Amino acid sequence: MEADAVVINMRKLQTNHIIFIVFILLISLYCRYSSANKLSLYSKQEIKMGTLVEVQLLASSQRVANKAISAAFSEVDRLENILSSYRNNSEVAKLNHNAGIKSVKVGNDLWIVIKKAIQINHLSKGAFDITFKPLWDLWKTNTQSPPSLNQINCALKLVGTEKIKLDSDNHSVFLPIKGMKIDLGGIAKGYVVDKALHVLEKLGIKNALVNAGGDLRAIGKHFDRFWTAGIRHPRKKGVNIASLPIHNEAIVTSGDYERYLIIQGKRYPHIIDPRTGYPVQNMISVTVIGPTAMEADAISTSIFVIGDREGLKLANKLSSIEAIIIDKKGDFYKSNGISLNN
Ligand code: AMP
Ligand code: MG
């Protein structure tokens, strides 16, 4: 009897021992697993495309973050070399140099951006127009006085998206009149933000925000909350009028404070109404929320040109688009789907 009891106690002891070891093993496995998956915030800012570009992301280590961030910035560089009208060797510069001479074969990125620009040109009934550039060049060089009506009418002859000739089979583009020029300043930053974010996603990043001078798009979350975008006060630097959560979408702002000319003491914003040839004077800022940064970018510029009433109608008509508009009088308009928490 006694010998049996000793054997049973020994077995109990062994079983307890095993349970204890398994328990310790499970705890250490859990600790290793959770520390490998513990996410920290990493970010980097660089001047690109003439503006401050910032990438923020959550990653499990500095090594993972560095790899993703540098891949995203390489993508920005690659696209700037294609889409900038200020770089002599860009595809856009080649297109412009060959205006009135010959068509130019373009790569996939420029093709996509031009096609989207044409689509938004139709949507905005001509307000968004990437051929506006001869007008801007005219205003830029007349620093003493505004250009004359005659000069504006001459430049207007070079403007009009409908003039662009596309050959879908060869992906080639022709600007048929000498002096015609395109400039993608109203849409390209958005496309670059989308592509940089796509690069991060391909590298396994699930939570990130890319911001190119106020054109931003985010995926996932900032820890347990959504990423947020501050809507800047158009006249008070560093002050936000509202803060919006970003639910896997893009938020883009066009403002009269970003770039402008001063002629005879008067401020002329960098957005031109291609229908009149004059810089748009009656708007302060337009913020657009949409599924992609490229679309939000082009639509914010479009609404800036078409104005508050028509702009609001356009935003309310497009189911995936919301807008916040501030006009020159400081009046504030928002589309039906916007609720602000500031
Ligand atoms: P955004 O800040 O996105 O509104 O873009 C403004 C930029 O768009 C300007 O700096 C110009 O490069 C370009 N732009 C100006 N007027 C127009 C227009 N009517 N349509 C398309 N792009 C424009
Ligand atoms: Mg824009």
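**Ligand and magnesium sites in a predicted single-chain model**

P274 touches G126, A127, D129, L135, L156, V159 and V305, leaving aside residues up to four places away in sequence; contact here means heavy atoms within 4.5 Å. The model is predicted: local features need pLDDT of at least 70, side-chain atom pairs count only at pLDDT 80 or more, and totals for chains, interfaces and linings use all residues. Residues are numbered from 1 along each chain as its sequence is written, chains are lettered from A and ligands numbered from 1 in the order in which they are written, and side-chain values use heavy atoms, with hydrogens and water left out.

P274 sits in the loop between β13 (266-269) and β14 (283-290). Helices (H or I, at least four residues) and strands (E, at least two) are DSSP runs, numbered from the N terminus. The relative accessible area of P274 is 9%, so P274 is buried. Buried means under 20% relative accessible area, exposed over 50%, and partly exposed in between (1.4 Å probe, protein chains only). K133 is 141 residues from P274 in sequence, yet the two C-alpha atoms are 9.4 Å apart in space.

The chain as a whole holds nine helices and 16 strands. Of its 342 residues, 49% are buried. Contacts between residues at least 6 apart in sequence were also classed by separation: 60% of them join residues at least 24 apart. The accessible surface comes to about 17900 Å², with 55% belonging to carbon and sulfur atoms. Accessible areas come from the Shrake-Rupley method with a 1.4 Å probe; for residues, only the protein chains shown count as cover.

Ligand 1 is surrounded by 17 residues. A residue is near a molecule if one of its heavy atoms lies within 4 Å of it. The closest are S254, R259, I272, D297 and T301. By class, the shell divides into seven nonpolar, five polar and five charged residues. Ala, Val, Leu, Ile, Met, Phe, Trp, Tyr, Cys and Pro count as nonpolar, Asp, Glu, Lys and Arg as charged, and the others, Gly among them, as polar. Helix α8 (residues 293-306) gives the most to this shell, with three residues.

A polar backbone atom of I272 is 2.8 Å from a nitrogen atom of ligand 1. Oxygen atoms of ligand 1 are reached by side chains: a polar atom of S254 at 2.5 Å, and a polar atom of D297 at 2.8 Å. Taken alone, ligand 1 exposes 500 Å², and the protein buries 97% of that.

The ion is coordinated by G186 (O), D297 (O), D297 (OD) and T301 (OG1), at 2.0 to 2.7 Å. Donors are N, O and S atoms within 2.8 Å of the metal (3.2 Å for Na, K and Ca); water is not among the atoms, so sites may look incomplete. The donor residues are spaced G-x110-D-x3-T in sequence. The site thus links distant parts of the chain: G186 lies in the loop between β5 (172-174) and α7 (188-202), and T301 in helix α8, 115 residues apart. G186 is buried, because its relative accessible area is 15%. T301 has 13% relative accessibility, so T301 too counts as buried.

The loop between β5 and α7 also holds K181. K181 counts as partly exposed, because its relative accessibility is 31%. Not counting residues up to four places away in sequence, K181 touches N96, I130, T131, K133, P134, D137 and L175. The side chains of K181 and D137 are joined by a polar contact of 3.1 Å. N98 is 83 residues from K181 along the chain, with a C-alpha separation of 9.4 Å.

I205 occupies the loop between α7 and β6 (208-212). With a relative accessible area of 5%, I205 is buried. Beyond residues up to four places away in sequence, I205 touches L57, L58, A59, V64, A68, L200 and I219.

Backbone geometry was also examined. Most residues other than glycine have a negative phi. M49 has a positive phi of about 50° although it is not a glycine. M49 lies in the loop between β1 (40-48) and β2 (51-59). N248 has a positive phi of about 50° and is not a glycine either. N248 is placed in the loop between β10 (240-246) and β11 (250-255). N248 is partly exposed, at 45% relative accessible area.

Note on methods
A polar contact is a pair of N or O atoms within 3.5 Å; within protein, one must be able to donate a hydrogen and the other to accept it, and residues adjacent in sequence count only if both atoms are side-chain atoms.
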